[in-house]
Amino acid sequence: MTLTKMLTTALFSVTVAVSLPAMANKSVAESADQVSPLLPGQMIPEVNATNIDGVSQPLANTLAGKPTILFFYRGGWCPFCNTQMGQLQGISDDLKNMGYQLIGISTDNPEDLQKSLKDQELSYQLLSDFDSQVSQAFGLAFFTSQKVTDRYLAKMDLKNPLQKNAAGEERLVLPAPAVYVIDKTGLIQFQYVNPNYKTRLHPDLLIHAAKLAL
């Protein structure tokens with residue numbers, strides 16, 4: 001089955017499904033391979049996100065009842081994320097013409113988000129999930145290994161808060177990169193999640209998924 005047919009089948013199944021509530025209190029996964037992301041047919045969770053001005057408000061208020069493409073990325077320090085952000089900027093007008101707003105969310109603090117907006121010349125909104133509460137609510141948050149935690153904190157000079165895993169070890173928490181197509185009611189129509197942070201959804205496939213979700 002081609003990717004296009006897979007997308008069509010998945011999205012069609014959502015249109016005939018009853019919306020399901022998001023599971024509350026999702027835990028942080030022990031690794032990227034163990035995340036349990038929200039699925040099509042579920043509603044976005046009740047969780048706060050912070051804008052570039054440092055103002056925290058419910059995610060639903062930010063979406064404001066508009067069809068939304070919400071993508072989770074690791075941070076502006078990640079070259080794969082920067083490539084994806086540039087690709088999404090390239091299709092931002094197409095998404096806007098379809099009626100979508102495009103919003104990115106990462107563990108960057110508001111100051112770093114402002115830097116990304118300027119350096120990448122982005123026209124869409126970025127949100128801060130510095131404490132990983134949004135990615136956790138979406139089932140995307142996971143503990144990095146001790147090796148990765150140490151390397152990222154040192155090399156990237158990250159100041160994100162560490163969290164204790166099941167063994168009581170303090171680790172860096174990151175989101176598995178993901179893309180969600182959300183309708184105006186907050187219902188998830190499509191999602192793409194890949195534990196391998198080097199593999200991202202192709203812009204053409206996102207355009208196709210967005211069209212099918214209308």
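What percentage of the contacts in the protein with a separation of 6 or more is accounted for by residues 24 or more positions apart? Such residues account for 68% of these contacts, a contact being defined by heavy atoms within 4.5 Å. The structure described here is a predicted model, in which local features need pLDDT of at least 70 and side-chain atom pairs count only at pLDDT 80 or more, whereas totals for chains, interfaces and linings use all residues. Residues are numbered from 1 along each chain as its sequence is written, and side-chain values use heavy atoms, with hydrogens and water left out.

The secondary structure of the protein consists of 8 helices and 11 strands, where helices (H or I, at least four residues) and strands (E, at least two) are DSSP runs numbered from the N terminus. Of the 214 residues in the protein, 49% are buried; here buried stands for under 20% relative accessible area, exposed for over 50%, and partly exposed for values in between, with a 1.4 Å probe and protein chains only.

Strand β3, formed by residues 68-72, is largely enclosed by the rest of the structure, because 5 of its 5 residues are buried. Both of its faces are covered, with Thr68, Leu70 and Phe72 buried on one side and Ile69 and Phe71 buried on the other. Pairing of strands, for which DSSP must find at least two bridges between them, links β3 to two further strands. With strand β4 (residues 101-106), β3 runs parallel and is joined by 5 bridges, and Leu102 is the bridge partner of Ile69 in β4. With strand β10 (residues 178-182), β3 runs antiparallel, again through 5 bridges, and the partner of Ile69 in β10 is Val181.

Strand β10 also pairs in the antiparallel sense with strand β11 (residues 188-193) over 5 bridges, among them one in which Ile182 has Ile188 as its partner in β11. The two strands form a hairpin with 5 residues between them, and in the turn Gly186 has a positive phi of about 95°.

Helix α5, which spans residues 110-120, has Pro110, Leu113, Ser116 and Leu117 as its buried residues. These residues lie on the same side of α5, because they cover an arc of only 110° around the axis, the arc being that of the directions from the helix axis to the C-beta atoms. The cover over the buried residues of α5 includes β1 (48-50), α3 (79-90), β4 and β5 (125-128). On the face turned away from the buried side, α5 carries the exposed residues Glu111, Lys115, Lys118 and Asp119. The helix is followed by Glu121, whose phi is positive, near 55°.

A search of the whole structure finds 3 salt bridges, each defined as a side-chain nitrogen of Lys or Arg within 4 Å of a carboxyl oxygen of Asp or Glu. One of them joins Lys115 to Asp119, with the closest N and O atoms 2.7 Å apart; both residues lie in helix α5, 4 residues apart, about one turn of the helix. Another is formed by the side chains of Lys159 and Asp157 at 3.0 Å, N to O, where Lys159 is exposed at 62% relative accessibility and Asp157 is exposed at 51%. In the salt bridge between Arg171 and Glu169, the closest N and O atoms are 2.6 Å apart; Arg171 counts as buried at 12% relative accessibility, while Glu169 is partly exposed at 34%.

Two further buried residues may be described individually. Lys26, in the loop between α1 (3-15) and β1, is buried because its relative accessible area is 12%. Apart from neighbours within four places in sequence, Lys26 is in contact with Ser36, Leu38, Gln136, Ala137, Phe138 and Gly139. Gly139 is 113 residues away from Lys26 in sequence, yet their C-alpha atoms are 6.0 Å apart in space. The side chain of Lys26 also reaches the backbone oxygen of Ser36 at 2.7 Å. Ser92, in helix α4 (residues 92-97), is buried with a relative accessible area of 8%, and, leaving aside neighbours within four places in sequence, Ser92 is in contact with Leu102 and Ser123.

Definitions and conventions
A polar contact is a pair of N or O atoms within 3.5 Å; within protein, one must be able to donate a hydrogen and the other to accept it, and residues adjacent in sequence count only if both atoms are side-chain atoms.
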